[in-house]
Amino acid sequence: MSRLLQQPLELLEVNAIRSELEADAATQLKDLVILSSVDSTNNWLQAQPGHERPGLAVLAERQTAGRGRRGRHWVSPSGGNIYLSLCMKFESGVGEIGCLPLVVALSASDALARIGMDGHTIKWPNDLLFERRKLGGCLVEVQGDAGGPCFAVMGIGINVCMPAAMHCAKRIDQPWTDVNTHIPGVSRNRLAGCLLNALLLNLAQYAGEGFGPFLQRWKERDELAGKEIELRRGTGSINGTACGISPRGGLMLQSCEGLNEYLAGEVTIKRGFNDGKGIRV
Ligand code: BTN
């Protein structure tokens, strides 16, 4: 029997989610929609009329064509996980919000910390991990002019109670875990509310103050710092030691080419932490 059937199904509910919002977050949220099924919550938001989108959030019980980064499929079965998207308008241009994917990941991390999911990490640019297994991910899509304004649709998927026995879970192409394994009986409504709350508050801070205030918080949750990694970009790849992130959210990588900043790419962890005395996994 799947884990999903072993505990009562908690459907998503607008009032329960709203009750987690602090006053400053609640004022930023224009509307919250819950769908029983949708192709992708990011697609759904992008299809709404432009003037209705800023401040609009959508959650779905399942996605039939959930999308991950780099064109991947996001496995999105019914009733157990979180599929959330929020749209916000930024007056600055696309070039000014390059750290947005990292702010979204930090927001998901804040929410996980709030419900007691200690020990999780963020793998640059925006994967959420627990003991190297994928717990969630973020898909940020921005439309607009270089000079602004622009609209950002920020999607977050969190594995909360993934039905491991189901065929779909077997399609996940990397090691994964879910919140319920570590916090049995976790409330999806509470986690969804904490996610929205953290997102709304952090986005307001990012719009006003930039990424500076988030740098230290990233350091505390950085999965990669000190580890031997491979960074794949386009057709090539670079091996080196991850050295944290730059003030503009780039990955700092020490390789045979020196210490360089990379603004995009896909990371694989090769080995554990290199503290100068050898590798610790
Ligand atoms: C990744 O790690 O590849 C990103 C996964 C993002 C999944 C979320 S679920 C809600 C939103 N809707 C989508 O289709 N994708 C994002």
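This is a predicted model: local features need pLDDT of at least 70, side-chain atom pairs count only at pLDDT 80 or more; totals for chains, interfaces and linings use all residues.
Local features were considered at pLDDT of at least 70 and side-chain atom pairs only at pLDDT 80 or more, whereas totals for chains, interfaces and linings use all residues. Residues are numbered from 1 along each chain as its sequence is written, and side-chain values use heavy atoms, with hydrogens and water left out.

Seven strands form an open sheet of mixed pairing, in the order 1-2-3-7-6-5-4. Strands (E, at least two residues) and helices (H or I, at least four residues) are DSSP runs, numbered from the N terminus; two strands pair if DSSP finds at least two bridges between them. Strand 1 (31-35) and strand 4 (121-123) are the edge strands, each pairing on one side only. On average, neighbouring strands of this sheet are turned by 20 degrees against each other, direction ignored. Axes are lines fitted to C-alpha atoms, for helices over the stretch in contact, and angles run from 0 to 180 degrees between N-to-C directions. Strand 6 (residues 133-144) and strand 7 (residues 150-158) run antiparallel and are joined by nine bridges, with V140 opposite M154 in strand 7. Helix 6 (residues 188-209) lies across strand 1, strand 2 (56-60), strand 3 (82-90) and strand 7, and runs at about 20 degrees to strand 3 (contact: heavy atoms within 4.5 Å).

The ligand is surrounded by 20 residues, of which S40, Q63, R67, R69 and K134 are the closest (a residue counts if one of its heavy atoms lies within 4 Å). A polar side-chain atom of Q63 lies 2.9 Å from a ligand nitrogen atom. The protein covers 99% of the 420 Å² of accessible area that the ligand has on its own (Shrake-Rupley method, 1.4 Å probe). Helix 3 (41-46), strand 3, strand 6 and strand 7 each supply at least two shell residues; strand 6 gives the most, with four.

Most residues other than glycine have a negative phi, and most peptide bonds are trans. A cis peptide bond with omega of about 5 degrees joins W124 and P125, the latter in the loop between strand 4 and strand 5 (127-130). The bond from G148 to P149 is also cis, with omega near -5 degrees, and P149 is in the loop between strand 6 and strand 7. R70, in the loop between strand 2 and strand 3, has a positive phi of about 55 degrees.

How values were computed. A polar contact is a pair of N or O atoms within 3.5 Å; within protein, one must be able to donate a hydrogen and the other to accept it, and residues adjacent in sequence count only if both atoms are side-chain atoms.
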